[in-house]
Amino acid sequence: MASLLSQLSFATTLLLFFTALLAYFLTLAIYRLYLHPLAHFPGPRLAALTPLYQTHHDILTTPNAQFTAHLTPLHAHYGPILRISPDEIHIRDSTFFDTFVGGPGHVRDKWAKANRANGSPGSVASATGHEVHRLRRGALNPFFSKGNVDVLEGSIRTKVRTLCSKLEESGGVVEMGTAFTALTLDVITEYCFGQELGCLEEEDFAPRWKRLMVQLFESTPVAKHFPIVAQVLGSLPRGVMGVLNPDFVPFFEAKDLIQGQAKGIWLAEQKSPTKSKEGEEKPKTIFHGILHSTLPPAEKSLQRMADEAFVLIVAGGETTARVGTVILAHLLQNSALYQRLRQDIANVMSGPEIPPSRMLEDIPFMKAIVQEGIRISAPVTNRPILVAPEEEIRYKKWVIPRGTPMSMTLQDVLFDPEIFPEPHTFDPDRWIRAAEEGKRLDRYLVSFSKGSRMCVGTNVAYAELYLSVAALVSSFDFELVDFDMKRDLEVTRDTFVGMPSKESKGLRVKVSSVVER
Ligand code: HEM
């Protein structure tokens with residue numbers, strides 16, 4: 001009898017538990033669908049009901065990382081403003097971008113819930129609140145100013161020279177995406193640590209680093225939706241993690257390597273600080289700069305340095321490499337553009353050396369090539385999600401309540417046919433025509449985003465692209481090897497940085513001749 005009672009009470013407890021759970025979910029569903037401040041916004045009911053709607057499209061579809069692509073049919077059906085999760089509003093309207101990112105006097109936070117995928121909470125990119133972000137960004141900005149990038153251009157130029165001499169020696173097939181990644185990683189690691197990774201010097205441009213970067217991005221859809229998975233896996237021994245989820249092994253391998261480098265500088269600074277005296281030359285790396293800055297001590301911890309290093313290297317590597325690869329691919333498919341660019345560069349060269357990036361920028365066609373490349377490659381597919389904590393945001397008849405996470409997709413602006421007719425055609429002359437007509441097309445070149453959260457590395461990326469594209473076009477004729485734009489470069493997955501299909505073989509070329517200068 002006693003055991004029956006205890007069984008009954010267990011069954012009753014279970015029943016009560018599930019009834020309470022059901023009641024909770026029912027109440028939540030009613031709240032989200034009918035009472036929530038966003039209840040009247042258009043969008044699929046399922047998306048209003050649960051964030052799993054996005055998770056499904058990003059993780060359970062094949063190929064995965066597809067929610068971004070799914071936004072196109074949603075907007076076609078519901079219009080330019082949509083509720084895409086219980087808490088998030090997405091807007092597709094290029095003219096709204098400046099309001100979205102805010103300007104001076106308009107505070108924008110990031111949405112904490114969607115800002116954990118990089119697993120580096122100490123980085124500038126992970127700073128959710130406006131104030132913390134402002135502090136961290138303030139310490140980085142001087143290193144990335146145009147003036148400072150000019151000073152450091154010599155180091156980029158040396159690496160571009162190495163790239164060219166390695167290509168000259170190569171003799172066989174080279175995957176140019178790997179070569180560009182080697183270049184960008186060497187540039188940014190020297191910037192951060194004062195010591196490059198040395199990818200350009202490795203055989204075939206260190207394809208293991210390219211693989212590591214690609215695999216790292218491929219893990220972001222899971223990390224974005226289930227950051228706890230990344231955290232738990234990160235705390236396990238690598239062998240165990242490799243069995244549980246091999247996709248995350250490269251993520252932590254890359255982290256370990258980069259953190260090791262940051263730790264080296266941090267420990268050396270603790271032992272014998274290199275703090276410069278008044279009037280002495282500037283700190284030699286970003287990390288020395290942060291450590292010498294007026295940031296509070298908590299912002300100078302080893303963990304924060306390591307997080308900052310990781311994000312700078314990951315953010316600065318694959319993005320710029322992808323733009324370089326896409327530009328080269330388009331030029332190689334259109335020899336008239338290739339020859340025209342070579343001629344325009346030759347016209348300003350007074351010796352064998354490629355002119356400084358500032359001079360290259362003054363060649364209208366060169367500038368147009370880089371702008372069009374940055375537009376059409378649109379490397380960052382991850383949509384920025386921002387929160388305006390101090391103001392309601394108005395979009396047409398809609399009022400987005402203060403504190404609501406709102407997002408826009410950079411590709412929606414970059415491929416807006418109203419602004420960039422035939423947006424998927426590589427047409428550098430559209431920039432020249434726009435300049436002649438006095439149109440500010442660059443207002444819509446949002447590949448680096450805009451506002452306070454805009455890319456910190458924009459000037460470095462431009463310098464790398466001008467110098468590398470000019471050097472390659474002026475120095476070599478290439479032959480494409482079994483290249484198919486659709487298979488090898490076209491973006492099919494949003495893994496933070498857009499990725500082509502798994503079948504991609506990259507941009508494979510052979511140097512067919514070296515230009516005498
Ligand atoms: C063509 C190349 C590049 C593109 C298209 C690009 C694009 C972007 C975009 C769209 C963001 C904003 C992301 C967000 O909403 O949170 C961003 C942020 C960032 N980028 Fe870049 N990036 C490029 C190159 C670089 C380089 C070379 C570096 C490093 C030297 C870099 C470092 C960063 C960092 C640290 C952030 C976070 C900034 C912050 O939150 O204040 N990026 N980038």
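An axis here is a line fitted to the C-alpha atoms of a helix over the stretch in contact, and the angle between two axes runs from 0 to 180 degrees between N-to-C directions. The model to which this is applied is predicted.

Two packed helices are described by the angle between their axes and the distance between the axes. For α15 and helix α18 (residues 364–377), the axes come within 9 Å and cross at roughly 110°. Angles of 65 to 115 degrees count as roughly perpendicular, and α15 and α18 are therefore roughly perpendicular to each other. The crossing of α15 past α18 is right-handed. On the α15 side the contact is made by R322, V323, V326, I327, H330 and L331, and on the α18 side by I369, V370, G373, I374, I376 and S377. Sorted by class, this contact has eight nonpolar, three polar and one charged residues.

Helix α8 contributes M176, F180, L183, T184, V187 and Y191 to the contact, while α21 contributes V460, E464, S468 and L472. The classes in the contact of α8 with α21 are seven nonpolar, two polar and one charged.

The largest share, six residues, comes from α15. There are 25 residues around the ligand in total, and those that come nearest are K110, H133, R137, I188 and C455. By class the shell has 15 nonpolar, seven polar and three charged residues.

Which side-chain atoms lie 2.7 Å from an oxygen atom of the ligand? One is an N or O atom in the side chain of K110, and another is a polar side-chain atom of R137. For H133, a side-chain N or O atom is 2.6 Å from a ligand oxygen atom. With a cut-off of 3.5 Å for a pair of N or O atoms, the distances of 2.7 Å for K110, 2.6 Å for H133 and 2.7 Å for R137 qualify as polar contacts.

Methods:
Residues numbered from 1 in each chain as written. Predicted model: local features only at pLDDT ≥ 70, side-chain atom pairs only at ≥ 80, totals over all residues. Heavy atoms only, no water. Near = heavy atom within 4 Å. Polar contact = N/O pair within 3.5 Å; in protein donor to acceptor, adjacent residues only side chain to side chain. Helix = DSSP H or I, 4+ residues; strand = E, 2+ residues; numbered from the N terminus. Nonpolar A, V, L, I, M, F, W, Y, C, P; charged D, E, K, R; others polar. Contact = heavy atoms within 4.5 Å. Parallel < 35°, antiparallel > 145°, perpendicular 65-115°, else oblique. Left-handed = near helix turned anticlockwise from the far one by under 90°.
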